[in-house]
Amino acid sequence: MKKKLNKYYPEATGLVVFAVYLFTLGRSMGEFDSGELALAQATLSIPHPTGYPLFTLIGFLFSKIPLPLSTLIKLNLLNAIWCSLSVVMLIKTSQMFLDNLRSFVNKKVLESEIDLQIQERNKIIISIFPGLMMAFSATFWLNSTKVEVYSLQIFLTSLIIYNSLKIYIHNLGKSPEQVHKNIFKEWFFLALLIGIAFSNHLMTIYLLPATLVLYFLLNGINRQSIKALLLLFLIVFSIASFFYLLMMFRAQMTPLWSYGDPSNIQRLFDHITAKEYTKHLLTGSEGLLQQGSKLFKMLSFNLNYENFSLGEFGLSLFLGIAGVMLIAILKREIAIYLYLILIVSITTALIYHIPDINEYFLVTFFVMSLSSILPITILLQTFDNKIHIRRMIFLLLAVFVGLQVIINYKYADRSEFFVIEDFFKSSFGELPTNSVILTDNWESILSPALYYQNVEKFRDDVQIISPSGFILFDWYKKIKAVEIYDSNLVIIPRQNTYVAFDVAHRIFDKGILKLPENYTLIPMKNFFMIGKRDLYYPVNFSDRKIRFSKYTFSDSERYIKALIPHMMEQRLLYELVFNKTENAKFLLNEIHKLFPEHNISEVTLRELIKNKIL
């Protein structure tokens, strides 16, 4: 049993991590793109660029496994599996690194000072640490709880890095003739992996420069290496093209959702290259500083009692930073390989000016975690004969991981995260049949609606339209096939037409779209209704039944927590206009009872005083 545990400790550790992930796994809808991506996997639909065909296909097949779970929970579970497998591969990579330490370290720098022959017990502990460091880092752990494309991508990344280092080891000591003879065979499997990874996410580009440099450092620049490289590129291109062409053919079959309608070569190319998002690239020094500050914030400690945080890694961060610095002691080929991954991944993420940038640093965090084995190895080998110091080091490593688990658990825990589902269902549940909602709110309405309306068939009679999508994209007009405004950009008045807060304050306030004459926005519950200015429209003040989390870490939840009392306040003012004093009093009491942290605006306070309610 002990021998098996020593042999399979990466897999055993992965199972332990997976067990922890089950406690924090989301039982409901996650944030950002989770609703759209869950729909894509459940129905083989086409999500936003770049389409993620591999992710969609695997998720579709997994969703059909007859488990006693809802489709959404099954898809959340799949992400926990990918993250656990990534941990296993990170430990295996560390294990391979330590097994071949003499081959990786620059002997002139270190071997004369430290014995590189590591005892098996030390090797196991050192290998496990980076796996746990990555497993319980904030962003990585959070991605194990919900439907997202990055969990599969980081697993594929771990396979590519592992096999790249394996190729390096396998070529050590070979003559140039032997190396040149087997170039294609040696790199064939890695080309398969890279092609598969590109069919999932273009983040694979992070690894490409480093892999190419390693390839030429090992094989040289010669006729044989260039010929083999061209064949390998053909494999990568063929595999990626196959999956994206499958996506195009699927788009031609009119799935339930087809973002961008990539049903022909031109649209497919625009979709794969994310043409729509190129405006977010290279946004200038301001954007660079903004994204850099996000990375700094992710890694920083916040010792404020109310917002206490030790960043992504807690105290393990110091080992990661030390490890990154110590990469310089490795052989030239490996040092260049790892540093290039870090440089390209950080630089690419920094120049991409999008709000949900955290996951784009996961490749960086993977390399940081892997690098942590270097300072730990040096410490343990330096004090190998001093058992008390060695035990203290083991204890500190356990404390570092324990702190990560304790501090990041609340942040990553989505087991009781029902806010998005409850907000969506309570907001839509009482709407009249065949209502129309105008909203650009992707996180809280549009993305969840794609799943709940098309998979669970909840209120699929309600027509949800994004005015921005309708204005900007022909493919979106084709999907909706309804006129919402006339040639003067005036909304066409229809019965039961509602407007979300974001559209009311961004589209109408700025005059992008206009209301018809004698019409106004009537605050109802969580939406405004387009109604006649002089008419009173009653509303049902029943309980909203939204389960807020004990700890609020999600931007979506913060938004919903701020939106609901704001809409109640707007409704309160509306009631006062029509002299419905009792209704106004009720709403004021509800705001104080349900949202005690909400500050009543000065405008509302003046009206309350004027009507002798305060």
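**Close-up 1. Helices α17 and α20 are roughly perpendicular to each other, because their angle falls within 65 to 115 degrees.** In this predicted model, α17 covers residues 316-326 and α20 covers residues 373-382. The two helices pack at an angle of about 90°. Their axes lie 7 Å apart. From α17, the contact uses Leu 319, Ala 322, Gly 323 and Leu 326. From α20, Leu 374, Pro 375, Ile 376 and Ile 378 take part. Sorted by class, this contact has seven nonpolar residues and one polar residue.

**Close-up 2. The largest cavity has a volume of about 160 Å³.** The structure holds five cavities of 30 Å³ or more. Three helices each supply at least two residues of the lining of the largest cavity: α12 (183-198), α13 (208-219) and α14 (223-252). Trp 187, Leu 190, Ala 191 and Ile 194 are among the lining residues. Leu 208, Thr 211, Leu 212 and Tyr 215 also line the largest cavity. Leu 229, Leu 232, Phe 233 and Val 236 complete the list. By class, the lining has eleven nonpolar residues, one polar residue and no charged ones.

**Close-up 3. Five strands form an open, mixed sheet.** The strand order is β2-β1-β3-β5-β4. At the edges stand β2 (463-465) and β4 (519-523), each pairing on one side only. Neighbouring strands of the sheet are turned by 35° against each other on average, with direction ignored.

**Close-up 4. Strands β1 and β3 run parallel.** Strand β1 spans residues 436-438, and β3 spans residues 497-499. Three bridges join the two strands. Val 436 stands opposite Thr 497 in β3.

**Close-up 5. The peptide bond from Pro 49 to Thr 50 is cis.** Omega of this bond is near 15°. Thr 50 sits in the loop between α3 (34-43) and α4 (53-63).

**Close-up 6. Lys 457 has a positive phi although it is not a glycine.** Its phi is about 60°. Lys 457 belongs to the loop that lies between α23 (442-454) and β2. Strand β2 is one of the edge strands of the sheet.

Notes: Residues numbered from 1 in each chain as written. Predicted model: local features only at pLDDT ≥ 70, side-chain atom pairs only at ≥ 80, totals over all residues. Heavy atoms only, no water. Pairing = 2+ DSSP bridges. Helix = DSSP H or I, 4+ residues; strand = E, 2+ residues; numbered from the N terminus. Axes fitted to C-alpha atoms, helices over the stretch in contact; angles between N-to-C directions. 1 Å grid on protein atoms, 1.4 Å probe; cavity = no way out; pocket = protein on both sides within 12 Å on 5 of 7 lines; lining within 4 Å. Points joined across faces, edges and corners; volume = space filled by probe spheres on them. Nonpolar A, V, L, I, M, F, W, Y, C, P; charged D, E, K, R; others polar. Parallel < 35°, antiparallel > 145°, perpendicular 65-115°, else oblique. Contact = heavy atoms within 4.5 Å.
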